[in-house]
Amino acid sequence: MRFTQVLRLRIKCPELTAAKQQYVPKHQPAVEKDIKKLEDFLMDKPKIVVLTGAGISTESGIPDYRSEGVGLYARSNHKPIQHMEFVRSPSVRQRYWARNFVGWPKFSSTEPNATHYSLARFEREGRLQCVVTQNVDRLHTKAGSENVIELHGSGYVVKCLSCDYKIDRHEFQHILNDLNPEFKDAPDMIRPDGDVEIPQEYIDNFRIPNCPQCDDNRLKPEIVFFGDNVPKTRVNSIAEMIYAGDGLLVLGSSLLVYSGYRMVLQAKDLNLPVAIVNIGETRADHLADLKLSAKCGDVIPKLFNFKNK
C-alpha cells in the first residue's frame, strides 16, 4: 500500500469514529477502580440478567430519545409514534412507513459495537443468564448473543394487526420499493443528524400494501409502540429469568420507561443486587447497589479481559 493511501486511511478513521460517537452524551472517563468494582460485583454471579437500553446503541450511531443535547428530543421535533395513533389513523401509518422506508437501509446496516460483542463473549463464557434489551435494532443478535429477549420487539419483522401474517422487514422493503419507484432519491432525505426529512407530497403519495392474507391495511412493525403493552408472555418470561438469577445489570438505560424499571423493582423484591452503568442519572439510582456514571463502551469491554491485565 502506498504511503498516500495509508495517510488517507489514517485521516478517515477518526472521522468515522466521530460519526458514530455523535449521539453519545457528554461524559467523564471511566475510573479504573470503578470498573474493578463492577468486575468484582459480577465475578460470582453467573446467572446475572442484563438489561440494555438505547445508551449502548448510541455508540453504533443510533440516537436515543432523551440524552441531553444529542437525543432525538433535543435535536429535532421528532416524537415517538403512539400505538393508538398508528392503529386508528391511515395518515399516521402512511407517514410512519414513508419515514421508515427512507431510514431503513441505514438503520439495518448498523453494526454492533464493543459492548454488544463483549456481552456475547460473556454469554459464551457462562458469565450471564440472558440479555433483555429495550432496543429494537437486533444488534445483540448481530454480535452473536443467543439468549436475547427483545422487550419492546424488533424492527426486523412486520406483522398484520388483524391476522397472524408476518414478513421479514427486508422483504417488506422490496415491496415498498416496487410500490414507490418515485422514492429513488430517498437517501437524499436523510439529514446529517440521522433524522429523515420528507416533503409532504411524498408522504401523501406513499403507498403501503394491504395484508396479502386478510386484506387489512394495518401492517405494523413488531415493535411495542408508546402506549402499547409488552406481551404478557414476554413479561412473565423475564420475571422467571430474574427469579432464577442472581442479580441484575442495567446498561445504557435511564429506566424512565416502566417496562425496564419494573425489572429493577422485581430484583429488589427478591433481595437481588442491582448494578447500573449509564451516563447520567437513572430512575433507579436509589435502588442500585453499584452505579457507574460512564459510557458502557469504556467499561464493559474491559471486564474479564484478562489478557490485557
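A salt bridge is a side-chain nitrogen of Lys or Arg within 4 Å of a carboxyl oxygen of Asp or Glu. The model is predicted: local features need pLDDT of at least 70 and side-chain atom pairs count only at pLDDT 80 or more, while totals for chains, interfaces and linings use all residues. Residues are numbered from 1 along each chain as its sequence is written, and side-chain values use heavy atoms, with hydrogens and water left out.

**View 1. Salt bridge of Lys-45 with Asp-44.** The closest N and O atoms of Lys-45 and Asp-44 are 3.1 Å apart. Lys-45 is buried, at 11% relative accessibility, whereas Asp-44 is exposed, at 55%. Buried means under 20% relative accessible area, exposed over 50%, and partly exposed in between (1.4 Å probe, protein chains only).

**View 2. Salt bridge of Glu-182 with Arg-207.** The N to O distance of this pair is 3.2 Å. The pair links distant parts of the chain, 25 residues apart: Glu-182 lies in the loop between α9 and α10 (200–205), and Arg-207 in the loop between α10 and β6 (219–223). Helices (H or I, at least four residues) and strands (E, at least two) are DSSP runs, numbered from the N terminus. Glu-182 is partly exposed at 27% relative accessible area, as is Arg-207 at 38%.

**View 3. Salt bridge of Arg-218 with Asp-216.** Here the N to O distance is 3.3 Å. Arg-218 is partly exposed, with 22% relative accessibility, and Asp-216 is buried, with 16%.

**View 4. Salt-bridge network of Arg-121, Glu-125 and Arg-127.** Salt bridges with shared partners join these residues into one network. The whole structure holds 12 salt bridges.
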